[in-house]
Amino acid sequence: MNILVSDSLSPRGVAVLEQGGFHVDVKTKLPKEQLLEEIKAYDGIVVRSGTKVTAEVIDAGSRLKIIGRAGTGLDNVDCEAATRRGIVVMNTPGGNTITTAEHTISMLVSMSRRIPQAVTSTKSGKWEKSKFMGTELHNKTLGLVGLGQIGTYVTKLAQGLAMQVIGYDPYFAPGRARELGIQTVALDELFRRADFISVHTPLTNETRSLINAQAIRQMKDGVMIVNCARGGIINEKDIYEALKSKKVSAAAFDVFEEEPVKPDHPLLTLDNFICTPHIGASTEEAQESVAVSIAEQFVDYFEKGVARGAVNIPSVPPDALLQLQPYLGLAERMGLFQAQLLDEGIEEVTVEYRGEVAELSLAPLTVAVLKGLLTPILQDTVNAVNAPFIAKQRGIEVKEVKWSDAGDYTSLIRLHVKAGAQVHQLAGTLYNKKDARIVESNAYPVEVIPEGHMLLIYNFDRPGVIGTVGRILGEHEINIARMQCSRAQKGSNALLILGLDAPPLLPVLDNIKGEADIVSARLVDLSGVS
């Protein structure tokens, strides 16, 4: 097997590949045309963030069987094109947890003690001891927005500095938070109470500009803010104004909306702003760790057929995959569907398998459910391999139940998700053993194709509701592709599920919510599920 390493990789990682019997060529910074020619000779490619493994590169790699990213993000790999070609895509989630958490703490200390500014002053020949009055971290409140692997490790380090940690993460189980000594709070309360705030979430539509002028107004005067996660979570124009007015006394960024950051960026002109060039994961230990991990994953895949760290296939034997595949798609869609309807952290997940599906290998299906449930908050850091680990880490109890009787169906998967005081239920099946359908949502019988953009509306069962919703969507040129109505009994609450050709903007959703007979309205996006 020939493996191409097209970005800088620790020599230890190359050694692991060679010891596994692979022929390895290290050719970095290849121009696009040369990469398109070179890739034809290789069975696998290992990249970091530099090489763009586009659909064109994938199509040119006629021998390509595996793409490995020594790191977490896969923005530079066209996973859909790889899946279409049957090529396994792997990454190394968690490889930068410790180093990014340590960088976060470094930024907290540097910012609170004004270390970069003091260094610059001293090196210029000054001795401005009284100018650089600092702030202690001891006994201060650190608010963490996001309690994934990095956020929870930051917690341990901050507690070692005698900081009090509060956190916001709607997907984090309260029991797990108590074990870690984290007080979970609503986002507004975190903004009001925290002396220091650090963000640790992916960049999604929900988290973009999460910290903006409105959020900053809720914060303490003199709050300090760190972003070592993703550029865009903090609105850069709004934080600039807050730093100028000293509402925010200091901020420290490792990431920006646009990278490399432009030299004339307004934030760079402020004395109370410090920054680094996206080096949160840049330690020798982290780089060696991800290099060795991806190399070992390659060896395991080719020698044992075990796809550790795979993001686009379940880790099941090829002969079982064909039978499981339609159910895997259904299970993941059910998890993703349900996750977008939750308002509190998941504590318990029970998956019932009824009828013929109960006779199959169930572990991959449960993993697919968990992947769907965790995807809205974790994005590309969760996959079919690490979903059970992440669920356990977050204190989510997972149960499987098998029944031979599926009632009116040949096979049925029923999902019970306990989140806070509520247990949410969802049931799905396959029509013709291949077409996924949602057939029940919280006791409402439905027949929904789980795909694309959907709008779920709970309303009072009164005349005119459907017309009102249709009118509002029509006024904004949003076409309804499908519609499903359900109610428990006449005159009770009803459920309206609309399949839309495009997602409505938030003002449109607010208009619908504002109608008298609407109890609630939620968007569900399944457009990214293959």
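Mentor: Happy to! Phe22, Tyr301 and Phe302 are linked into a cluster by ring pairs, where rings of Phe, Tyr and Trp (its six-membered ring) pair if their centres lie within 6.5 Å, and planes under 30 degrees apart count as stacked, over 60 as edge-to-face and the rest as tilted. This is a predicted model, in which local features need pLDDT of at least 70 and side-chain atom pairs count only at pLDDT 80 or more, while totals for chains, interfaces and linings use all residues. Residues are numbered from 1 along each chain as its sequence is written, and side-chain values use heavy atoms, with hydrogens and water left out.

Six aromatic pairs are present in the structure. In one of them, the rings of Phe256 and Phe273 have centres 6.1 Å apart and planes at 70 degrees, so this pair is edge-to-face. Because Phe256 lies in the loop between β11 (248-253) and β12 (273-275) and Phe273 in strand β12, the pair ties together parts that are 17 residues apart in sequence. Helices (H or I, at least four residues) and strands (E, at least two) are DSSP runs, numbered from the N terminus. Phe256 is buried, at 6% relative accessible area, and Phe273 is buried at 6% as well; buried means under 20%, exposed over 50%, partly exposed in between (1.4 Å probe, protein chains only).

Now for the part to trace closely. Six strands make an open sheet with mixed pairing, in the order β14-β13-β15-β16-β17-β18; two strands pair if DSSP finds at least two bridges between them. The edges are β14 (397-403) and β18 (444-448), each with a single partner strand, so one side of each has no neighbour in the sheet. On average, neighbouring strands are turned by 20 degrees against each other, direction ignored; axes are lines fitted to C-alpha atoms, for helices over the stretch in contact, and angles run from 0 to 180 degrees between N-to-C directions.

Let's follow the strands in turn. β15 (residues 411-419) and β16 (residues 422-431) are antiparallel, with seven bridges, and Ile413 stands opposite Gly428 in β16. Two residues separate them in a hairpin, and Gly420 in the turn has a positive phi of about 65 degrees. Next, β16 pairs antiparallel with β17 (residues 435-441) over six bridges, with Thr429 partnered by Arg437 in β17. That hairpin has three residues between its strands, and Asn432 in the turn has a positive phi of about 55 degrees. Three antiparallel bridges then join β17 and β18, and Ile438 has Val448 in β18 as its bridge partner.

A helix covers part of this: α14 packs on the sheet, touching β13 (346-355), β14 and β15, and its direction makes about 140 degrees with that of β13. Thr366 is placed in α14 (residues 363-378) and is buried, with a relative accessible area of 5%. Setting aside neighbours within four places in sequence, Thr366 is in contact with Val351, Tyr353, Val398 and Glu400, contact meaning heavy atoms within 4.5 Å. The side chains of Thr366 and Glu400 are also joined by a polar contact of 2.5 Å, that is, a pair of N or O atoms within 3.5 Å; within protein, one must be able to donate a hydrogen and the other to accept it, and residues adjacent in sequence count only if both atoms are side-chain atoms.
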